[in-house]
Amino acid sequence: MDLQISLRKSGNVTIVDVRGRITSGPTGDAFSAELRRLAESTPGDVLINLAEVTQMDSSGIGALVQSYVMLTRSGGSLKLFNPAGKVLEVLEVTRVNTALATYADEVSALASFRGTT
Amino acid sequence: MRDEPLPDSQLRFDAYHVDLRTGEVRKHGRRIRLAGRPFQILALLLEQPGELLTRKELQARLWPADTFVDFEHGVNTAVQTLRRALCDSHKRPRFIETLPRRGYRFIAAVEKIQSRGATMPVSPIPHDRQGDAAPRPDWVGRVAAIRDNAGRNYVLLPITEEVHDEVCGCEAAQDDLGISLLVAAEKLLLVDCGTKVRILDATNPALGCKVRILGGQFVGERAFAPRAYLAGLS
């Protein structure tokens, strides 16, 4: 499956729903470009929904970490929710799940921006 | 009761060389700062690797009976200093494991260095390394497969010795963002288990083997793979 990315808002938080694989090549490049565009155009709080990401390699990790750094430097933030299976394992092995706040579901992820969790 | 220190005073574990007589600790041949109680604790742990060193034993052997100090704080601080010197992590220990409220245990394989330069193991080899011989020069040119004994599907391989040391520092400082940034910069390669690699060099047991990656995202790249990550060699 190719990569599909859609954006929605919940209050001030931009939620990025991602579907497909984020691996080296066109899908990794598209994901990276979208996050960079988001970080540059509307710096703020971003939440990435990984529930339907089926595969991720280091190009996906690179995009996440670079966007996290860009957003944090501009006063925003980047958090993750719903990683599963091998994607969760990749996040664990690379420590991204602890370096970037990672939540099991959207409700708790959104609540974290309000400082309630 | 634990035995007295081994008469042969030189020991080796991972990249570290310890001289119990002179109190020197070296990593990759370079001396590292470790003295006083942190060194004494290391020496006690190395007396009987794999066995529990209780906090009570530590107190009895390092603090005289009539000493009036905050022992708990003292031992915690000394162990913290020791871990930092060894690039070890409380959460993911490679060398010193904490047994909560009981004490500490040295968990890496330790070798005694005999006078003629040969080594012999003084501790049980950890389960995840059983059957793994140390890297041998005659492996150069052979092909192995990446594996992870913990059952994960991926491993991280540093591309240089400097990156290896940087990872070590990140581990010790629990700097997870540092590790993530190294992966993002592709200095620490995320490699799928099962990926084939060719052995390029096998002369540095501390770093593992230098390998050429033969498949996957990083095909063609060079990296260092610890012996435990290499299947198909004997």
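In what order do the elements of chain A run from the N terminus on? And please look closely at how its helices H1 and H2 pack.

Author: Happy to! Please keep in mind that this is a predicted model. Starting at the N terminus, the elements of chain A follow the order β-β-α-β-α-β-α-α-β-α. That gives 5 helices and 5 strands. Chain A has 117 residues, and 40% of them count as buried. Among its contacts with a separation of 6 or more, 71% are between residues 24 or more positions apart.

Now for your helix pair. Two packed helices are described by the angle between their axes and the distance between the axes. For helix H1 (residues 26-41) and helix H2 (residues 58-73) of chain A, the angle is about 5 degrees and the axes are 9 Å apart. Angles under 35 degrees count as roughly parallel, and H1(A) and H2(A) are therefore roughly parallel to each other. On the H1(A) side, the contact is made by A:Gly28, A:Phe31, A:Ser32, A:Leu35, A:Arg36 and A:Ala39. Look at the spacing of those numbers: an α-helix has 3.6 residues a turn, so residues three or four places apart point the same way. H2(A) contributes A:Ser59, A:Gly60, A:Gly62, A:Ala63, A:Ser67, A:Met70 and A:Leu71. Sorted by class, this contact has 6 nonpolar, 6 polar and 1 charged residues.

H2(A) also leads us to chain B. The buried residues of helix H5 (residues 176-184) of chain B pack against H2 and helix H4 (96-99) of chain A. Within chain B, they pack against strand E11 (154-158), helix H4 (161-173) and strand E12 (188-192). Those buried residues of H5(B) are B:Ile179, B:Ser180, B:Leu181, B:Leu182, B:Val183 and B:Ala184. After H5(B) comes B:Glu186, which has a positive phi, near 60 degrees.

To finish, step back to the nonpolar cores. The largest has 61 residues, and those with the most contacts inside it are A:Ile48, A:Ile61, A:Val90, B:Leu190, B:Val191 and B:Ala225. Leaving aside residues up to four places away in sequence, B:Val191 touches B:Ile146, B:Tyr154, B:Val155, B:Leu157, B:Ile213, B:Gly216 and B:Phe218. A second, separate core has 23 residues, including B:Tyr16 and B:Leu42.

Terms used: Residues are numbered from 1 along each chain as its sequence is written. Chains are lettered from A and ligands numbered from 1 in the order in which they are written. This is a predicted model: local features need pLDDT of at least 70, side-chain atom pairs count only at pLDDT 80 or more; totals for chains, interfaces and linings use all residues. Helices (H or I, at least four residues) and strands (E, at least two) are DSSP runs, numbered from the N terminus. A residue is buried if 20 or more other C-beta atoms lie within 10 Å of its own, exposed if 12 or fewer, and partly exposed in between; C-beta atoms are placed from the backbone. Two residues are in contact if their C-beta atoms, placed from the backbone, lie within 7 Å. Axes are lines fitted to C-alpha atoms, for helices over the stretch in contact, and angles run from 0 to 180 degrees between N-to-C directions. Angles under 35 degrees count as roughly parallel, over 145 as roughly antiparallel, 65 to 115 as roughly perpendicular and the rest as oblique. Ala, Val, Leu, Ile, Met, Phe, Trp, Tyr, Cys and Pro count as nonpolar, Asp, Glu, Lys and Arg as charged, and the others, Gly among them, as polar. A nonpolar core is a set of buried Ala, Val, Leu, Ile, Met, Phe, Trp, Tyr and Cys residues joined through C-beta atoms within 7 Å.
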